[in-house]
Structure formats: C-alpha cells, structure tokens
Amino acid sequence: MDIAPALDERTSPLIDPFGRSVSYLRVSVTDRCDFRCVYCMSEHMTFLPKQDLLTLEELDRLCSAFVRRGVRKLRITGGEPLVRKNVMWLFRALSRHLDEGTLDELTLTTNGSQLAKYASDLKDCGVERINLSMDTLDPQKFKAITRWGDLTNVLGGLEAAERAGLKVKINAVALKGVNEHEIDDLIRFAHGRGADLTLIETMPLGDIEGDRTDQYLPLSLVRARLLDRWTLEDIPYRTGGPARYVRIKETGGRLGFITPLTHNFCESCNRVRLTCTGTLYMCLGQDDAADLRAPLRASKDDSVLMEAIDAAIARKPKGHDFIIDRATRKPAVARHMSVTGG
Ligand code: SAM
Ligand code: SF4
C-alpha cells in the first residue's frame, strides 16, 4: 500500500543540501516604488509590465504552500510593498496562518511613505514588528538619497506605526560621505524612542547610475569609530535575520550590523526570496532561480508546485561571494534589490 502523501499535501520541512532548514520566506509583492534611493535604483527604471505580476490570490497560494512546508516567518517587501494595489487583502489573507498557529510572524519592510495610512490595518492583520528604512534625519539629505522621498511624511508614518502599537526597527544603509557622521544621531533617535537600529552595508545589486565603490562604507570601520563614544556589548540576540547585534550601554538600545561584504553570514541562512512574478531566489547573492509561476498555474491543486519547491530547495547554494568589482565597477548580481526585496 502506498502511504506517501499526495504531493500537494506534503508538509515535510524544507531542508537544503547543507542541512539548513528553510523557515523564512521574503516576498517582494511589487518591483515598483515611490522612492528612487540612489543605492537601490536608477532614476529611470523600467518596471515589469503589470500583467507579469502574480495576482494577490496567487501570492497568497504560494506563501501558504511555503507555510505548509514549515516556513514560520513571512516578510512582505518590494519595491515598496505598500504601493501595491490592495496589498492589505494579502496581509489579511495571510494572517489566517497566524490565527491557526502555523506561522510565527508576518512582517514587512517599508520605506514608510504609506505607513500613516496603513499602520493600524497592519496591526489588525497581526503584524507586530516592522522594519522601516530611514538613512538620515536630515530632510535635504533624505531627499538626496531617496530622490523622491519626503522625510516629514516618513516621520509621520513612524509615529502612526508607534501609535498603532507596532514595534519598529529602523534600517539605515551606511553610505560613505553621506550619513557616515550621522550614525550617533541615528542611534540617539532610534534608541530614544525604544526602536532598534540596524546598519546595512551597500550590496552590489543592479546597475544604479552611480559608483558603488564611492558609496561603500565598511561597517567594521563604523563600528571601530563608534567605540570612541559608545560602549558596545556583544549580545546573542537574533531576529532570524543576518544581523549581528550589540547593546549600547549608554542608551540600553540594540544596534545591529548587516555586513554581507565584510562578514559572511551564509552558514546560518534559513531563507529564500520570492519575487512578484513567482521567481524563487535561493540566495540573495546568486543568479540561480526557480520559476514557481508556471508550476503554480499548471494545476489547481499544489502537487506540481510542491515538486518545484522541493527541486528549488535542493539547489540552494552554500553561500554568496559578493564583491564590489573595482576593475569593471559592475554589480556582482545584475538584478536590483527591489526585485528580490531586502
Ligand atoms: N522599499 C522598502 C524599503 O526601502 O524599506 C522595502 C524594499 S528595500 C529593497 C529593502 C531594504 O534594502 C531597505 O532597507 C534598503 O535600504 C535596502 N537596500 C536597497 N538596496 C540596497 C543595496 N544595494 N545594498 C544594501 N541595502 C540595500
Ligand atoms: Fe524603494 Fe526601498 Fe529601493 Fe528605496 S530602498 S528605492 S524605498 S525599494
């Protein structure tokens, strides 16, 4: 007697060839954005035609398939996730997994431009924590970095999130000559309102019209400079992401470092990334990808899809080898961060 479960009923956890279990899915729900951050996009972007996008129902089906296979954390990202039309429908749909106890966390990464509008809806959908990207507290610099963004609006979004009871983590990309002397202010700002701050190194993803070797500021240098003014205490705190945290004794707050270039964080990688067209990237720093849209659309049940997910996870690479190539000045990976999400 055959007692193997039908493919679409598979519930076995996703384990990659290196024994890492995949429990975290990041989903980019749109490649579009209302900002044009200099390290992320060029000013004139060609976005995907709308008809190439998965529908929200398809995104829900895909995410739910991953939840059935043991994914416990879903991060909705982009592009700017909150500019996707009707995106709250997706949050509401996915929140059923929180209610059922099959998902631990539903969260998002946002530039904050639409937060004032959506913060309380997000909270209603079971979102507890969000990542808000904000690289500077200076309105002019903010405009220069984001090209199209408005700091006052984002600060309004941050306040709305706090009022709604969302726990906010602030992400700032460390940029040479731009915000490198503002890190102390960002620490005081974030910790003063009970938020963690995470610093990110620029990653060589996608052509951006600028020169990344000019922007790149190693966090090892930032950290060394911080030691002149702050006491950094190593702590084991982890959020399931790649950040390494310290506690700043003077503020009591946490400071995270995401250092893809100076520190290889691949050994404990538990995540895969899904684009808004249903392409699954098994590693942020590699080009290999699996198409899940065709298997998703191939049948109404999830049997073909489950097979495709298994085949993709079996190809998850050991790690990436990002470099910012000084000779060619070409990105290590051609796609932009807004395609796979941060
Ligand atoms: N639009 C949302 C936002 O900005 O938070 C979500 C998507 S964005 C791609 C996610 C994160 O990636 C942001 O914190 C952003 O600063 C960061 N990011 C974008 N391009 C990057 C790059 N080339 N290197 C490092 N971080 C990058
Ligand atoms: Fe948009 Fe986020 Fe990229 Fe900035 S970092 S351009 S806000 S997707």
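## Ligand sites and local structure in a predicted protein model

The protein has eleven helices and twelve strands, where helices (H or I, at least four residues) and strands (E, at least two) are DSSP runs numbered from the N terminus. This is a predicted model, in which local features need pLDDT of at least 70 and side-chain atom pairs count only at pLDDT 80 or more, whereas totals for chains, interfaces and linings use all residues. Residues are numbered from 1 along each chain as its sequence is written, chains are lettered from A and ligands numbered from 1 in the order in which they are written, and side-chain values use heavy atoms, with hydrogens and water left out.

Of the 342 residues, 56% count as buried; buried means under 20% relative accessible area, exposed over 50%, and partly exposed in between (1.4 Å probe, protein chains only). The protein exposes about 14,700 Å², of which carbon and sulfur atoms supply 52%. These accessible areas come from the Shrake-Rupley method with a 1.4 Å probe; for residues, only the protein chains shown count as cover. Among contacts (heavy atoms within 4.5 Å) between residues at least 6 apart in sequence, 73% join residues at least 24 apart.

**Ligand sites**

Ligand 1 has 18 residues around it, and Y39, G79, T110, S133 and M203 come nearest; a residue is near a molecule if one of its heavy atoms lies within 4 Å of it. The shell comprises six nonpolar, nine polar and three charged residues. In this classification, Ala, Val, Leu, Ile, Met, Phe, Trp, Tyr, Cys and Pro count as nonpolar, Asp, Glu, Lys and Arg as charged, and the others, Gly among them, as polar. The table gives polar atom pairs of ligand 1, for which the cut-off is a pair of N or O atoms within 3.5 Å.

| Residue and atom | Ligand 1 atom | Distance |
|---|---|---|
| E80, polar side-chain atom | nitrogen | 3.2 Å |
| T110, polar backbone atom | oxygen | 3.2 Å |
| S133, side-chain N or O atom | oxygen | 2.5 Å |

On its own, ligand 1 has 550 Å² of accessible area, and the protein covers 96% of this.

Around ligand 2 are C33, F35, C37, C40, M41, G79 and N111. That shell divides into five nonpolar, two polar and no charged residues.

G79 is found in the loop between β2 (73-77) and α2 (87-100). G79 counts as buried because its relative accessibility is 16%. T30 lies 49 residues from G79 in sequence, yet the two are 5.4 Å apart in space, C-alpha to C-alpha.

**Helix α3**

In α3 (residues 115-124), L115, Y118, A119 and L122 are buried. They cover an arc of only 130 degrees around the axis, and therefore lie on the same side of α3; the arc is that of the directions from the helix axis to the C-beta atoms. An α-helix has 3.6 residues a turn, so residues three or four places apart point the same way. A116, K117 and D124 are exposed on the other side of α3. The cover over the buried residues of α3 includes α2, β3 (105-110), β4 (129-133) and α5 (151-163). Just after α3, G126 takes a positive phi of about 90 degrees.

**D196 in strand β6**

D196 is placed in β6 (residues 196-200). With a relative accessible area of 11%, D196 is buried. The side chain of D196 makes a polar contact with that of R254 at 3.1 Å; within protein, one atom of such a pair must be able to donate a hydrogen and the other to accept it, and residues adjacent in sequence count only if both atoms are side-chain atoms. Apart from its neighbours within four places in sequence, D196 is in contact with V168, K169, I170, A190, Y237, Y245 and R254.
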